[in-house]
Amino acid sequence: MSRITLNKWMLVLTCIILSSFSLQAQDDILKVMSYNILNFPSSSGETRTTDFKDIVHHTNPDVILIQELKSSAGATDLVNAVNTNGITYYQRDPNFQSYLGLGNMLIYNADKITLLASTEIPSYPRGHTHYHAFLNDPDLACHQDTTFIELFSVHFKASSGSSNESTRADNANDLVDYIDLLPTTSNIIVGGDFNIYSPSETAYDILTLPANVMPLTDPMGGWVRNSSSYVDMYTQSTRSGTNTGGNGGATGGLDDRFDFQFIGDNIQSGAEGLTYMNNSYEVVGNDGNHFNLAIIEGSANTAVPANIAQALFNMSDHYPVLTQIEVDYPNTNLAVTGLNTTNIMTSTATANWNVVSSAISYNVQYRPVGSSTWTTTSAASNTTNLSGLAACTEYEFQVQVVCSGGNTSAFSNSSTFTTATQTPTGLAANNVTAAAADMNWNVSTSASSYNIQYRPVGASTWNTQSTTNTTYILAGLTPCTDYECQIQVVCGSGASSSFTAPITFSTSALIPNALSAINVTDNSADFSWSAVTNAASYNINYRVVGTSTWTNVNSTTAAYNVNGLAACTDYEFQVEAVCASGSTSGYSANTTFSTGITTPNALSSSNVTAAAAEITWTGSTGAANYNIQFRPLGTSTWTTTNTSNTTYILAGLAPCTDYEYAVQAECSSNSTSSFSTTDVFSTAPLVAVGLSASNTTGSSADLSWSATTNAASYDVQYRPVGTTTWTTINTSSAMYTLTGLNSCTNYEFQVSTVCGSGSSSIYSGITGFSTINCITVVSAQMKVILEGAYNGATMNNSLQQNNLIPLTQPYNIAPWNYTGNESVGSLSAIPANTVDWVLVELRNAANWDVLEDTKAGFLLSNGSVVNTDGTAISFANAVSGTDYYMVVRHRNHVDIMSSQTVNLPNTITYDFTTIGNVMAGSNQVKALGGGVYGLHAGDISADGIISVEDFNFYKLDLSQLNSYLDTDISLDGNVLTQDFNLYRSNASVIGIRTIRY
């Protein structure tokens with residue numbers, strides 16, 4: 001018997017033995033197939049759908065992971081084909097992504113699984129596809145958990161050779177990096193055409209590395225290609241040189257293992273409800289007898305019927321791979337909670353518990369505590385009556401949920417209760433105070449002790465005590481509170497009676513303390529005291545000290561505002577607490593206070609300078625003195641002074657500062673009014689001095705002056721000498737760098753100090769300075785389009801809109817190494833509609849290898865290249881009236897050169913978007929539609945060649961958002977798939993040698 005035949009008999013025998021032990025344990029079997037279907041469909045009117053239907057109906061897979069699908073319509077044709085002969089449950093992933101004409105697909109049994117989402121994982125040359133799904137648990141209501149499965153369909157780079165092996169290693173890394181980000185509880189199956197030639201290949205090692213976050217296992221283990229000893233593991237080819245089949249498939253006969261299913265560690269161990277069935281890994285149609293032959297050559301196929309062997313031959317040059325997964329749905333026990341017992345009598349009790357929403361019914365078991373035998377009953381709802389109980393005995397009961405299909409939960413934890421005995425009588429409360437009460441009751445003849453429980457009326461929790469006497473003092477009670485109390489008899493066995501009906505009593509109130517009078521004015525005061533626990537209200541008495549008649553008022557809070565008092569008079573008051581029952585505590589000791597006088601008003605300030613201000617107010621009748629407090633606004637410390645007048649000069653103030661002040665009247669008895677509402681004024685700023693200009697260049701100058709105390713900012717005005725119009729800027733420091741000045745020009749400037757309040761000093765005296773570099777620059781007018789930013793009409797300025805364009809030119813690094821200092825002072829100084837920085841070179845007309853001048857500038861949305869001030873880009877080293885070749889460079893587009901020399905300065909814009917104006921024409925620019933040409937996007941390395949090196953840079957920054965990166969080919973601030981698409985469409989473009997780095 002051949003090794004393959006023996007293995008298959010052992011598999012059958014093992015399945016029979018295992019089924020006898022695990023039939024009850026497993027809930028279902030999930031069959032997973034992976035299949036490379038060879039460029040399907042290969043033509044209109046494709047006939048292989050019948051072959052696919054026969055293969056699927058023969059193997060009955062629940063999941064089919066497909067590779068080499070050419071169109072979404074082809075997937076629909078396959079689903080329609082298999083949903084015949086009474087089968088209606090197969091569905092497909094509605095999404096399809098083509099990679100150079102081929103893609104992956106999932107067809108699945110919708111009765112068994114539900115597809116939640118599919119995700120494309122970038123890889124080269126074909127992406128991997130992740131299908132996120134869950135199994136349809138028929139008894140989910142009872143299990144109360146969902147089993148998820150993560151399915152992957154992959155198609156690695158084909159062919160032998162070190163370059164292809166390296167690409168497959170990249171494919172494996174892309175897959176493992178993605179899987180490592182999934183939850184560690186994930187159930188993972190990866191199926192597909194891996195094109196791996198041996199287990200020593202790097203891609204295989206990466207996939208099966210034990211150190212991976214979630215390792216993958218090859219259930220079949222190692223193999224050697226083109227060896228008859230391993231023929232039962234091979235998956236290609238179903239065809240040979242004699243029987244070639246169709247559709248361009250491989251014809252080498254059965255000698256390679258390219259198709260796998262890798263099993264995740266959770267499915268391998270069964271840790272998350274899915275378990276790989278040992279020895280279930282099957283290469284469908286491989287009977288081990290067709291080494292180096294087509295499936296229909298030689299002896300008759302012993303693995304599948306002849307019509308299925310023929311269908312496998314017709315359908316593809318690959319054999320399908322099939323595995324079986326045991327499904328054990330989560331058996332989460334439903335927790336029954338809220339067990340309690342009511343209506344406890346001497347021989348009966350009612351058992352209760354919280355409703356479980358998925359329960360069909362409940363099983364209840366109960367017994368005396370310590371007994372080994374349960375009495376069992378069933379209940380249709382969450383309550384049942386227990387009968388036949390022994391009196392004065394402790395019982396326990398438990399509840400079990402019965403779900404649909406007969407599934408049951410475990411029994412809950414026990415809840416205990418004790419059947420009743422004689423209930424005590426004569427319970428009464430005596431000697432009740434604010435904090436205690438004496439409880440007594442009649443003797444119960446069978447009692448060994450008594451349990452007493454008490455609580456405020458309306459509370460949910462009882463306080464419980466125990467005694468062997470028939471009296472007990474309840475202490476630590478809350479004043480002014482209605483209490484209820486009840487007792488029960490405890491038998492010698494420890495069993496107890498029901499509690500008696502509760503009796504009620506009320507504690508008395510405490511006398512208020514901590515009396516005080518606050519916010520005292522000339523005719524009112526706020527009384528306050530410590531709140532008495534549970535007091536319903538308070539009685540307040542007050543009178544003039546030395547008189548005999550009290551005025552009585554009532555308050556429901558521990559405070560009271562009294563009005564209509566006489567000014568500058570001594571008063572006294574007292575308080576008693578009143579319970580809701582009407583009982584009172586008795587009055588507290590007296591507390592005295594004195595009324596004051598009216599508060600000054602109509603505050604105003606005048607004659608405010610940088611260091612002083614005169615304040616006035618309306619006086620208070622009878623005031624002997626006025627207290628004044630003032631401070632800088634926003635500080636915490638007052639400066640205090642006083643006067644007998646209604647005007648006062650505040651001196652020694654800080655300039656440019658907001659002040660607040662308030663005034664208080666004082667009686668001759670030293671009682672005082674409240675401080676008035678504050679009034680605010682601002683001291684004046686100081687005039688700036690010490691103006692000077694330094695570091696003058698042809699376009700800039702550093703202005704400075706002596707910092708002014710407390711200045712918030714400074715207004716700086718400057719203009720060319722002899723002109724009438726000032727340019728004004730504002731700065732927060734005592735210096736400012738002017739840019740964009742005219743060279744070789746005399747300027748003058750002056751400074752005004754600005755306070756935080758917005759007030760300003762007069763302008764300082766005028767100081768003059770002169771710019772240098774009396775030279776002439778030559779400008780160049782040109783139009784350039786970048787493919788990555790082009791939107792069909794203009795270029796987007798997304799980088800500027802998202803504030804991502806750097807303030808300084810970015811070409812001061814390799815390969816450009818440009819040392820120019822072009823920059824702007826702020827984001828707002830960047831010209832409107834700016835796309836990005838570009839670098840422009842002028843080259844000698846007689847020898848274009850000679851570089852004459854270089855300048856960085858901004859590229860605008862309409863294609864214009866400008867200086868940082870928005871004027872046409874200009875060159876300090878160019879000679880007016882001279883011809884130059886012009887080169888335009890960008891950090892991730894292929895650089896271009898003019899096809900002809902241009903005489904500068906030019907009045908007619910040189911249009912690089914016209915193909916005839918670009919050196920080497922269509923080889924160096926890309927047609928963007930409508931006769932417009934632009935720079936090829938994707939040269940991330942800036943070496944003039946768009947190659948895999950640029951793709952590698954792209955992968956490192958993939959998914960970076962809101963950043964200024966060379967890998968952002970579309971210039972929108974994000975590194976996403978659209979950047980890859982731009983790169984891919986231009987792969988292998990090469991710039992002209994003259995300007996490549």
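In this predicted model, helix H8 (residues 306–315) has a buried side made up of Ile-308, Ala-309, Ala-311, Leu-312, Phe-313 and Met-315. What sits over these residues? The cover includes strand S1 (28–40), helix H2 (48–59) and helix H3 (72–82). Strand S1 and helix H2 come up again at Pro-41, which lies in the loop between them. The peptide bond leading from Phe-40 into Pro-41 is cis, with omega near -10°.

Stepping back to the whole chain, the protein contains eleven helices and 60 strands. Its radius of gyration comes out at 47 Å, well over the 30 Å that the globule rule gives for 997 residues, so the protein is more spread out than a compact globule. The box filled by the C-alpha atoms tells us about the outline too: along the principal axes it runs to roughly 130 × 115 × 40 Å. Even so, buried residues account for 48% of the 997 residues. The protein exposes about 42900 Å², and carbon and sulfur atoms supply 49% of that area. As for who touches whom, take the contacts between residues at least 6 apart in sequence: 64% of them join residues at least 24 apart.

Helix H10 (residues 948–957) and helix H11 (residues 977–986) have axes that come within 11 Å and cross at roughly 175°. An angle over 145 degrees counts as roughly antiparallel, and that is why H10 is described as roughly antiparallel to H11. On the H10 side, the residues that meet the partner helix are Val-948, Asp-950, Phe-951 and Tyr-954, while H11 brings in Thr-977, Asp-979, Phe-980 and Tyr-983. Sorted by class, this contact has five nonpolar, one polar and two charged residues.

Tyr-124 is placed in the loop between strand S5 (113–121) and strand S6 (128–135). Is Tyr-124 buried or partly exposed? With a relative accessibility of 44%, Tyr-124 counts as partly exposed. Asn-171 is 47 residues away from Tyr-124 along the chain, yet their C-alpha atoms are separated by 6.8 Å.

Two serines in loops give another pair of cases to look at. Ser-159 is in the loop between strand S7 (148–155) and helix H5 (162–179). Its relative accessibility of 38% makes Ser-159 partly exposed. Which residues does Ser-159 touch, not counting those up to four places away in sequence? They are Asn-164, Arg-168 and Tyr-197. Between Ser-159 and Asp-255 there are 96 residues of separation along the chain, and 14 Å between the C-alpha atoms. The other serine, Ser-412, belongs to the loop between strand S19 (394–402) and strand S20 (415–418). Ser-412 is buried, with a relative accessible area of 9%. With residues up to four places away in sequence set aside, Ser-412 touches Val-336, Leu-339, Gln-398 and Val-399.

Last up are some backbone details. Most residues other than glycine have a negative phi, and most peptide bonds are trans. Against that background, a few spots in the chain deserve a look. A cis peptide bond joins Ala-814 and Pro-815, with omega about 5°. Pro-815 is located in the loop between helix H9 (798–801) and strand S51 (834–844). Then there are two cysteines. Cys-656 has a positive phi, near 55°, despite not being glycine, and Cys-744 also has a positive phi near 55°. Cys-656 lies in the loop between strand S39 (647–650) and strand S40 (658–666), while Cys-744 is in the loop between strand S46 (735–738) and strand S47 (746–754).

Conventions:
Residues numbered from 1 in each chain as written. Predicted model: local features only at pLDDT ≥ 70, side-chain atom pairs only at ≥ 80, totals over all residues. Heavy atoms only, no water. Axes fitted to C-alpha atoms, helices over the stretch in contact; angles between N-to-C directions. Helix = DSSP H or I, 4+ residues; strand = E, 2+ residues; numbered from the N terminus. Parallel < 35°, antiparallel > 145°, perpendicular 65-115°, else oblique. Contact = heavy atoms within 4.5 Å. Nonpolar A, V, L, I, M, F, W, Y, C, P; charged D, E, K, R; others polar. Rg over C-alpha atoms; globule rule 2.2 N^0.38 Å. Buried < 20%, exposed > 50% of the residue type's maximum accessible area, 1.4 Å probe, protein only. Areas by Shrake-Rupley, 256 points an atom, 1.4 Å probe, with all protein chains shown as cover.
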